[in-house]
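I opened my notebook beside the model and went looking for pockets, contacts and rings. Here is what I looked up, entry by entry.

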Amino acid sequence: MKLLFPNGEHAPVELDSGRAVLGSAADADIALMAPGIAPRHVEIEFTGATARLTVSHPENLVTVNGKAVTTSIELKPGDLVTFAAIRARAVAVEKASHAPPPKPRDIDVDDDGRTKVRVALPKFVLRGVSGVTFGKIYPVQSTVVIGRQSECEIPIPSEEVSRRHAELRVTPDGVMVEDLGSSNGTYVNDRRITRQLMKAGDELRLDTIRFLLLAPGQEMGQAAARNEAPAPSPAAARPVAKSSRTGLMWAIVAVAILSLSAVAARLMGLF
């Protein structure tokens, strides 16, 4: 498990097995210097995949997901923790797999021995539609963080964006976006959110920085389906053309009859 500090009070901290002390003391394992932080503010004990947070003194201000904690609580990935005025987000850390790498599937070999490489498109991309991101494309794969820090997967050099502003995670149903305690807020379709599932076509806004979520794989599949749709055969179009010519012929005949009638009436002295 890892602790992320969205406002930059501390670098990300990966919790190792054992106990870690967080506080303002010089010998604290995670040293935080801010008003309201006690020398030994809390202890976090991490064993295997479980983390337990214990408040050292009932007067030490600690909340988990907005609820005050005065004793002990299990800490889970995704929990938002505040130590006095400092925010931190607990996130899971994926361990590297020792399984052998899968055989590549994106390489073909032509009959003449030349190798072709197929480029795998990301399932989703963000296209910037305002500010410093206008016209830029950012792939969204697995889990990415948008923020002002250069360490973010999608760095946005703008003062309107927090150091670690929002996290995007690809799911089978779309992209789950979660605000990481940003100062100016995260919006989906102009509605401020804490956590929201986005679909292709939705707009993501970080203060005044706007993005459009696109699914290039789906768009290419739809375009291919349109290109493969059969064109109407000439035989199907002929009846329409024949009908048009028949109507034009009858119109000419009607005009001719009217003209002959007028001439005949004139000769008979009716006009």
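**Largest pocket**

I began with the largest pocket, which has a volume of about 610 Å³. Grid points are joined across faces, edges and corners, and a volume is the space filled by probe spheres set on the points.

This is a predicted model, where local features need pLDDT of at least 70 and side-chain atom pairs count only at pLDDT 80 or more, while totals for chains, interfaces and linings use all residues. Residues are numbered from 1 along each chain as its sequence is written, and side-chain values use heavy atoms, with hydrogens and water left out.

I found 21 residues lining the largest pocket, with Leu4, Val91, Ala92, Thr143 and Glu167 nearest its centre. Two or more lining residues come from each of strand 1 (2-4), strand 11 (86-91), strand 16 (143-147) and strand 18 (166-171). Strand 11 gives the most, with three residues. Helices (H or I, at least four residues) and strands (E, at least two) are DSSP runs, numbered from the N terminus.

I then sorted this lining by class and got nine nonpolar, three polar and nine charged residues. Here Ala, Val, Leu, Ile, Met, Phe, Trp, Tyr, Cys and Pro count as nonpolar, Asp, Glu, Lys and Arg as charged, and the others, Gly among them, as polar.

**Second largest pocket**

Next I took the second largest pocket, at about 150 Å³. Eleven residues line this pocket, and Met1, Phe46, Gly48, Ala49 and Val93 are the closest to its centre. I sorted the lining of the second largest pocket into seven nonpolar, two polar and two charged residues.

**The one cavity**

How many cavities of 30 Å³ or more does a search of the whole structure find? I noted one, and the largest cavity has a volume of about 30 Å³. Its lining is made of Glu167, Arg169, Met176, Val177, Glu178 and Arg195. Strand 18 and strand 19 (174-179) each give two or more of these residues, and strand 19 gives the most, with three. By class I wrote down two nonpolar, no polar and four charged residues. Glu167 also turned up among the residues nearest the centre of the largest pocket.

**Glu45**

I looked up Glu45 and found this residue in strand 5 (residues 42-47). Is Glu45 buried, exposed or partly exposed? Glu45 has a relative accessible area of 34%, so I put it down as partly exposed. Buried means under 20% relative accessible area, exposed over 50% and partly exposed in between, with a 1.4 Å probe and protein chains only.

Beyond its neighbours within four places in sequence, Glu45 is in contact (heavy atoms within 4.5 Å) with Gly18, Arg19, Thr50, Ala51 and Arg52. The side chains of Glu45 and Arg19 are joined by a polar contact of 3.3 Å. Such a contact is a pair of N or O atoms within 3.5 Å; within protein, one must be able to donate a hydrogen and the other to accept it, and residues adjacent in sequence count only if both atoms are side-chain atoms.

**Ser182**

I found Ser182 in the loop between strand 19 and strand 20 (186-188). Its relative accessible area is 7%, so Ser182 is buried. The Ser182 side chain makes a polar contact of 2.5 Å with the side chain of Asp179, and reaches the backbone nitrogen of Gly185 at 3.1 Å. Leaving out neighbours within four places in sequence, I listed Ser162, His165 and Arg192 as contacts of Ser182.

**Aromatic rings**

I looked for aromatic pairs and the structure holds one. Tyr138 and Phe211 form this edge-to-face pair, 5.9 Å centre to centre with 80 degrees between the planes. Rings of Phe, Tyr and Trp (its six-membered ring) pair if their centres lie within 6.5 Å; planes under 30 degrees apart count as stacked, over 60 as edge-to-face and the rest as tilted. The pair links distant parts of the chain, with Tyr138 in strand 15 (residues 137-140) and Phe211 in strand 24 (residues 209-214), 73 residues apart. Tyr138 counts as buried at 14% relative accessibility, and Phe211 is buried at 0%.

Technical notes
On a 1 Å grid over the protein atoms alone, a cavity is a set of points where a 1.4 Å probe fits but cannot get out, and a pocket is an open set with protein on both sides within 12 Å along at least five of seven lines; lining residues have an atom within 4 Å of a point.
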